[in-house]
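This briefing covers a strand residue, a loop residue and a helix. The sequence and model come first.

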Amino acid sequence: MTQNPWTRDQSPGPQQQPPPGPGPQPDITPRGPSAPQHGVPAPAEDQRLPKFAIPAADTLWWVGVHGGSGETTMSVLLPGTRASNHRWPIPPPPVPTPVILVARTHGSGLRAAQRAAIEWASGVVQGVAVLGLVLIADAPGRLPRVLDDFADIVGGGVPRVWDIPWIEEWRRGEAPTPDNTPDEVFEVLESIYALRASNPADYPAPY
């Protein structure tokens, strides 16, 4: 992740003047808890995500919390990151690997995201640092009120939440590229890129 592919080309044309300075930087401030919390009960064993070993905490992983969540799409959108196939990637000590949870916005997807967030918050997952949650729209239009309220509750259990809108081109099977990706997605990926780039070597803190 040495170069950000998700910055729009803003080179001045022949009639344009260069901008006076850099534009506003993405806000990467945590909104929710950024570490496991004492007293959070762990989900039952059959409600937890499986784990697998990785050799080192050297990249960002997308952890899809249910089938069809979109973790593979996210890994395609941001080169240098990886999809975990709905598992927690566990590196050897001392540095944990950064992960971002991924879920769809339907009821079962939000419940799966909540279970994964609780599992992380309980402290039973050693070796990962959850940076936030990406919620990918499961249908066009606004979320029903009950799902919107539930998404707010789920998002309160993780450091950050990013929203990806419904994209009809992706539904038709077009590969996601900067050319067919709306500005809202660019903003999400610029924020995630900035979050990783701000601490490229050993973010976050050790185990």
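In which strand is the place of Asp163? Asp163 sits in strand β7, residues 161-164; helices (H or I, at least four residues) and strands (E, at least two) are DSSP runs, numbered from the N terminus. The model is predicted, so local features need pLDDT of at least 70 and side-chain atom pairs count only at pLDDT 80 or more, while totals for chains, interfaces and linings use all residues. Residues are numbered from 1 along each chain as its sequence is written, and side-chain values use heavy atoms, with hydrogens and water left out.

**Asp163**
- Leaving aside neighbours within four places in sequence, Asp163 is in contact (heavy atoms within 4.5 Å) with Leu135 and Val188.

**Thr105**
- Thr105 lies in the loop between β5 (97-104) and α2 (107-122).
- Thr105 has a relative accessible area of 6% and is therefore buried (under 20%; exposed is over 50%, partly exposed in between; 1.4 Å probe, protein chains only).
- Beyond four places in sequence, the contacts of Thr105 include Leu135, Ile136, Asp138 and Leu147.

**Helix α2**
- The 16 residues of α2 should span 22 Å at 1.5 Å a residue, and its end C-alpha atoms are 22 Å apart, which agrees; the expected span is 1.5 Å times one less than the number of residues.
- Buried residues in α2 include Leu110, Ala113, Ala117 and Trp120.
- The cover over the buried residues of α2 includes β4 (88-90), β5, β6 (128-136) and α3 (145-155).
- Gly123 follows α2 and has a positive phi, near 90°.
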